[in-house]
Structures are given as C-alpha cells and as structure tokens.
Amino acid sequence: MMQEQMVVKKHSSIAKDIYEMVLAGDLVRQIARPGQFIHIKVGSGIDPLLRRPISIAELDRDRCEITILYRAQGKGTKMMAEMNPGEKLDVLGPLGNGFPVDALRHGQKALLVGGGIGVPPLYELSKQLKARGVEVRHVLGFESAAHAFYIDQFSALAPTSVATVDGSRGTKGFVTDALAGDGWNFDCIYACGPAAMLRALETEYPGRRGFFSLEERMACGIGACYGCVCRTKNSPDNATKKVCSDGPVFEMGEVLI
Ligand code: FAD
Ligand code: FES
C-alpha cells in the first residue's frame, strides 16, 4: 500500500452520472488481485474530509495505469467529475483483499453478477478468469438504459445478460429476474452490488461456492478505525470483520449482509 499523487490520463462521461477515469502511477505495480480498491482524497482542503473508496475496474501493468468507473452522486464524486486530464489525484492503495481468481481452474465455470456501481470490479475479474481458461458469464443490473455502462466491453469478453429496473434495456427487474430459469451449472459465483442483491443471491444459491464484495461506508480504509465492521455468521463469539482490510471480498455465507 502507498499514498501517491496519481495523474489523470483520461476522463469522460460514459452514462448518466457515470464517469470513466484512467489514472497513472507507481501504486499500480502493487495491485495483486481484481476487486481491490483505491481510497481517494478529493480536493486539497479539509472538506470533504474522508476519502472515497472506488474499485479498480481495469489494470494495465505495462502502462502503469488503472481505470476506475464511478457514479457522481455526492459531494466528493461530483468534485472528481470536474477534474481534467493532467491533474493529480491523492490516492491511497491498493487496498482490500480482492477476488480469488485462483479459486477456479481451466475449464470451470464462473457466474459474475454486478449491480450498479458494483459492476466495475467485475471487469478486471472477468479478464483474469478468462486468461486462466475459466468459462465466464455476466449478469449486470442497472436502474435504466441511461444508467447502464460497459455492456459492450463485458459482452466482448463473455455472454452478458442485462436487467434494468424500468425494463428500458434487457430483462425488466433485478439481476435475479435475469437469472430466473437459467439452469447454467456454474462452479463459483462472484458478485458485487447492493446488499439487497447479495442477500437475494445467497437465498437463490444456498450452499454454492461464491465470493461477494461488500459496499460499506469507510473512514480510514486501512483497518485502523473500526468504521466498517460487519458481523460474521454462525460465530459463537459474535466476531466481527473489517470490510476495508479483511474484505471487501468475503466468501458467500461468511458474514451477515
Ligand atoms: P457523499 O454522500 O458525499 O459521501 C459521504 C460519505 O459516505 C463518504 O465518506 C462516502 O465515502 C460515504 N459513502 C456514500 N455512499 C457510499 C457507498 N455506497 N459505499 C461506501 N461509502 C459510501 N462507487 C463507484 O461509483 N464505483 C466504484 O467502483 C466503487 N467501488 C467501491 C468499492 C468499495 C470497496 C466501496 C466500499 C465502495 C465503492 N463505491 C464505488 C461506492 C463509493 O465509495 C461511494 O459511492 C462514494 O464514496 C460516495 O461518495 P460521494 O462523495 O459521492 O458521496
Ligand atoms: Fe477504518 Fe475499515 S474504514 S477500519
């Protein structure tokens, strides 16, 4: 982990309130797994005080670049959306454990399920699983067609189903509606998205092997403040885990969502 002023190489709007930013810097060399995240300090003053956790969506080791995809919704991300190529961004990272790509072997099957701003880390995950010879399918959920992003990029990697809440693209409803009746016999499910989506997947696939990335409000991002704890399941001593440093990826069923 290191703190660095990363350089904004590219920055553009790619869907309603969604931005794609390419950042260059040395911390790229330390990234070990897809699903790790960076913690971004926006602006030079004390407001906003807290860093914003954003997943690494794509990794280019040769160029020492990463791509992040983020939704400009609150104060910090709206300030980020104003940034131009050439400017510098204060970044702490890489943080978190990431998705275990080595959980699957050549020829096995992985189902990747993403909802909204949970979609980004699945892109690099899919690329790395494919590079291992794993058979991949994606199911991506968005609010509407206007909010949907990276569908062409995911489709170029593997078969991709889409669900939108208003039915303006793909299946009307949630990712679970797009999955309904699909009897594809995957070996492992990897998912990232809102808690309600992750709970629905746990209910849908009890006892199956899977890894979920949790979205939790964070302060330090490095395991020091206990601002992001969650409870482990079936633990007699009510043990807790820190989403920032023990996660954000947990084995399905490991923690209470
Ligand atoms: P504000 O309302 O100004 O934020 C106020 C505070 O609440 C900040 O500390 C902020 O970090 C926190 N907060 C608000 N919403 C969330 C949230 N959903 N999750 C966590 N903290 C929140 N978003 C993306 O768009 N793309 C990503 O790739 C992405 N990856 C993430 C990876 C991880 C591990 C986590 C925990 C969250 C991720 N998020 C991602 C969510 C993102 O961190 C929040 O949307 C963002 O921090 C909101 O900041 P803001 O300035 O827009 O909102
Ligand atoms: Fe401080 Fe996780 S955010 S311990």
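Tutor: Here is a short walk through the model, starting with confidence. This is a predicted model.

Student: What mean pLDDT does the protein have?

Tutor: The mean pLDDT is 96, and 100% of the residues reach 70 or more. For the complex, the predictor gives an ipTM of 0.97 and a pTM of 0.97.

Student: Okay, on to the layout. Into which domains is the protein divided?

Tutor: Domain 1 covers 2-95 and domain 2 covers 101-213. Their C-alpha centres lie 23 Å apart. In the contact between them, domain 1 supplies 16 residues and domain 2 supplies 14 residues.

Student: Which elements give two or more residues to the side of domain 1 that touches domain 2?

Tutor: Those are β1 (2-15), β5 (58-60) and β6 (65-71). The largest share, 4 residues, comes from β6. By residue type, that side of domain 1 has 10 nonpolar, 2 polar and 4 charged residues.

Student: Let's switch to ligand 1. Which residues come nearest?

Tutor: Ser-55, Tyr-70, Gly-74, Gly-76 and Thr-77 come nearest, out of 21 residues around ligand 1. The elements giving two or more residues to this shell are β4 (52-55), β6 and α1 (75-80). β6 also gives residues to the side of domain 1 that touches domain 2.

Student: Which element gives the largest share of that shell, and how do its residues divide?

Tutor: β4 gives the largest share, with 4 residues. The shell divides into 10 nonpolar, 5 polar and 6 charged residues.

Student: New topic: where does UniProt place the feature "binding site"?

Tutor: The unreviewed UniProt entry places it at Cys-220, Cys-225, Cys-228 and Cys-244. They span 25 residues in sequence, but no two of their C-alpha atoms are more than 10.2 Å apart, so the four gather at one spot.

Student: Take Cys-228, then. Is it buried or exposed?

Tutor: Cys-228 is buried, because 23 other C-beta atoms lie within 10 Å and 20 or more is the cut-off. Cys-228 is in the loop between β13 (210-213) and β14 (229-231). Beyond its close sequence neighbours, its contacts include Glu-216, Arg-217, Met-218 and Cys-244.

Student: And where is Cys-244 found?

Tutor: Cys-244 sits in the loop between β15 (240-242) and β16 (249-251). It counts as buried, with 27 C-beta neighbours inside 10 Å.

Student: What does Cys-244 touch, leaving out residues up to four places away in sequence?

Tutor: Cys-244 touches Leu-95, Gly-96, Met-218, Gly-221, Ile-222, Gly-223 and Cys-228.

Technical notes:
Residues numbered from 1 in each chain as written. Chains lettered and ligands numbered in written order. Predicted model: local features only at pLDDT ≥ 70, side-chain atom pairs only at ≥ 80, totals over all residues. Domains from an automatic or database assignment. Contact = placed C-beta atoms within 7 Å. Nonpolar A, V, L, I, M, F, W, Y, C, P; charged D, E, K, R; others polar. Near = placed C-beta within 6 Å. pLDDT = per-residue confidence, 0-100. UniProt positions renumbered as here; feature names shortened; annotations may be inferred. Buried ≥ 20, exposed ≤ 12 C-beta atoms within 10 Å, placed from the backbone.
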